[in-house]
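Thank you for coming, everyone. Let me put the chain on the screen, and then I will walk through it slowly, one feature after another.

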Amino acid sequence: MPKALSSCLTALRRRPLPLLARLAGVVTLAGVAILAPAGAALAQSAPMPKPDQTAGADTPMTDAERYCRNTGSAANDARLAWQTWNLVALEEKVQVRIRELEQKRAEYQAWVERREKVLSEVEGHVVSIFQRMRPEAAAAQLATLDEDTAVAVLVKLNARAASQILDEMEPARAAQLTNSMAGLTKSEAQGSL
């Protein structure tokens, strides 16, 4: 038995038939049961048809085998067309999603560039503001900032202004910021080597 025919029969056995097809099968079987006696007499008087040569000389083809044989290539073509259609639809969805992501990436890149520009402009202004403040006021302001921001400002200040501000801070916070600045300068020195 050919492989395609075998797979078709296996699929027919595994797949439950829809209700309408089952009912049609019951009606067909009932018709066969009613017409069987008349058909038997007719069959004895009619000459026997030759068995199909492709099915083998010993076994005649069943209805399911003939059905699978007749519809196998059409079913394969339909399945291939359906899979191709699904792949084309998925490819279109992927292309749309890629375009959306590229647009988002461009927007994000523009936002990052604007942010970097603003930060570089603001950073210079903030440093100059802290440099002109009284050390007590600058220390109070820097103590409330997060550690990264405070360290960034202190590193950009000149050494005299930074030391005066650190002198006015609580010793624990000043030590914490100094350690962070020392770690930052070590990593910068290692990165430049």
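I would like to begin with Trp-111, which counts as partly exposed at 43% relative accessibility; in these terms, buried is under 20% relative accessible area, exposed is over 50%, and partly exposed is in between, with a 1.4 Å probe and protein chains only. Please keep in mind that this is a predicted model, in which local features need pLDDT of at least 70 and side-chain atom pairs count only at pLDDT 80 or more, while totals for chains, interfaces and linings use all residues. Residues are numbered from 1 along each chain as its sequence is written, and side-chain values use heavy atoms, with hydrogens and water left out.

Which residue forms an aromatic pair with Trp-111? The partner is Tyr-108, and the pair is stacked, at 6.1 Å centre to centre with 25 degrees between the planes. For such a pair, the rings of Phe, Tyr and Trp (its six-membered ring) must have centres within 6.5 Å, and planes under 30 degrees apart count as stacked, over 60 as edge-to-face and the rest as tilted. By this rule the count comes to one aromatic pair. Tyr-108 and Trp-111 are three residues apart in helix H3, residues 63-132, and so they are separated by about one helical turn. Tyr-108 itself is exposed, with a relative accessible area of 53%.

Let me step back to the whole chain. Its secondary structure comes to seven helices and zero strands, where helices (H or I, at least four residues) and strands (E, at least two) are DSSP runs numbered from the N terminus. Of the 193 residues in the chain, 13% are buried.

If we set aside its neighbours within four places in sequence, Leu-166 is in contact (heavy atoms within 4.5 Å) with Leu-154, Ala-174, Leu-177, Thr-178 and Met-181.

In H4, the buried residues are Ala-138, Ala-139 and Leu-142, and, seen down the helix axis, they fall within an arc of 100 degrees, so they line one face of H4; the arc is that of the directions from the helix axis to the C-beta atoms. In H6, Ala-161, Ala-162, Ile-165 and Leu-166 are buried, and they fall within an arc of 130 degrees when seen down the axis, so they too line one face of their helix.

What does the face of H6 turned away from its buried side carry? That face carries the exposed residues Ala-159, Arg-160 and Asp-167, and for Asp-167 the relative accessible area is 60%. Although Asp-167 and Pro-135 are 32 residues apart in sequence, they are 8.3 Å apart in space, C-alpha to C-alpha.

A polar atom of the Glu-65 side chain lies 2.9 Å from the backbone nitrogen of Thr-62.

Note on methods: A polar contact is a pair of N or O atoms within 3.5 Å; within protein, one must be able to donate a hydrogen and the other to accept it, and residues adjacent in sequence count only if both atoms are side-chain atoms.
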